[in-house]
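This briefing is intended to be read beside the sequence and the coordinates. It takes the elements in turn, beginning with a pair of strands, and ends with individual backbone geometries.

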Amino acid sequence: MQRLASRITVTAKVSSSLRTIILKETPSSSSWLSIRCFSAFSSQQRVTEKEAIPGDLLKWGSLGFCRTSRFASGFKPLEPKPLDSIMDLNRAKNRSPEDLASIWDDYHLGRGHIGLTMKAKLYRLLEQRGSDCRYFVIPLWRGSGYTTMFGQVQLPYMLFTGLEDYKARGTQASPYFTASFYTEFAESKDLVLIRGDIVFTSKLTDEEAKWLLETTQSFYLNDVRYKLVECFNKEPRDFEFKDVLRALDMPIL
């Protein structure tokens, strides 16, 4: 009983802190990314020796309404949920980066979203490398095997779908998971807020989506791992997926 009372006290303190800053979004808010249509990747469903996956832009299938604008080539998408609709920016300005990061992460727990943060310097490196190498494949380990996920990095967005789902459905493949990066506090607090939305909860758990996002970032931000990303995008015929498995200490099946 004492432990339960302690948990209730801690939860009340967190909730009070959240109410101070984050007042504008309700738990029923749906992902803005669930009703947008993204740019074409390729109508080709089989990877050939001459043209590997990073040939064109991946067209993500829409969920609900399909917009005619395209994602990856200068499009203006359906407007994402602005940060000032999630939190009170004026009040947030008075918080320390550590406090703000903690509140952001806690706020998204159990709300159907994932909250992460990163330093502005790392975001700029991710942005630079993402503009040069937009695509990569990540094995997601499950039980005795893995599912290969395909990611597109074009900040301030990241998008993921299953590679096998893309092969099966072509341009109708839908995103499993999307992430948005908010840079409003990059200059003042050296902090970038990241919000992940799981589009298909049947495809990914919260833990898997978080791991996928963090692991993908590691391949772009780590100099050694980034060489694999470069190879995948620029020298696809030389790319060996087993090198990715080795980098993640996964068995080669």
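Strands β3 and β4 form a hairpin, with two residues between them. The model is predicted: local features need pLDDT of at least 70, side-chain atom pairs count only at pLDDT 80 or more, and totals for chains, interfaces and linings use all residues. Residues are numbered from 1 along each chain as its sequence is written, and side-chain values use heavy atoms, with hydrogens and water left out.

**Overall composition**

- The protein has nine helices and six strands; these are DSSP runs numbered from the N terminus, where helices are H or I with at least four residues and strands are E with at least two.
- Of its 253 residues, 47% count as buried. Buried means under 20% relative accessible area, exposed means over 50%, and partly exposed lies in between (1.4 Å probe, protein chains only).
- Among contacts with a separation of 6 or more, 65% are between residues 24 or more positions apart; a contact means heavy atoms within 4.5 Å.

- β3 and β4 (residues 157-162) pair in the antiparallel sense over six bridges; two strands pair if DSSP finds at least two bridges between them.
- Q154 has Y157 of β4 as its bridge partner.
- The loop between β3 and β4 contains P156, and the peptide bond from L155 to P156 is cis, with omega near 20°.
- On the pairing with β2, β3 again runs antiparallel, and eight bridges join the two strands.
- W141 has Y146 of β3 as its bridge partner.
- The hairpin of β2 and β3 has two residues between the strands, and G143 there takes a positive phi near 65°.
- Eight of the 10 residues of β3 are buried, so the strand is mostly covered by the criterion of under 20% relative accessible area.

- α8 (residues 223-234) has 12 residues and should span 16 Å at 1.5 Å a residue; its end C-alpha atoms are 16 Å apart, which agrees. The expected span of a helix is 1.5 Å times one less than its number of residues.
- At the start of α8, a side-chain oxygen of N222 reaches to within 2.9 Å of the backbone nitrogen of V224.
- The buried residues of α8 are Y226, L228, V229, C231, F232 and N233.
- The cover over these buried residues includes α4 (120-132), β2 (135-142), β3 (145-154), α7 (206-221) and α9 (241-247).
- α7 has 16 residues and reaches 23 Å from its first C-alpha to its last, close to the 22 Å expected at 1.5 Å a residue.

**Cysteines**

- A search of the whole structure finds zero disulfides, the criterion being a pair of cysteine sulfur atoms within 2.5 Å.
- C133 counts as buried because its relative accessibility is 0%.
- C231 is also buried, because its relative accessible area is 19%.

**Polar contacts of H113**

- H113 is found in strand β1 (residues 113-118), and it is buried, with a relative accessible area of 8%.
- The side chains of H113 and R195 are joined by a polar contact of 2.9 Å. A polar contact is a pair of N or O atoms within 3.5 Å; within protein, one must be able to donate a hydrogen and the other to accept it, and residues adjacent in sequence count only if both atoms are side-chain atoms.
- The side chain of H113 also makes a polar contact with the side chain of D197, at 2.5 Å.

- D190 has a positive phi of about 55° although it is not a glycine.
- D190 is placed in the loop between α6 (186-189) and β6 (192-198), and it is partly exposed, with a relative accessible area of 32%.
- D249, another residue other than glycine, has a positive phi near 55°.
- D249 lies in the segment after α9, and it is exposed, with a relative accessible area of 72%.
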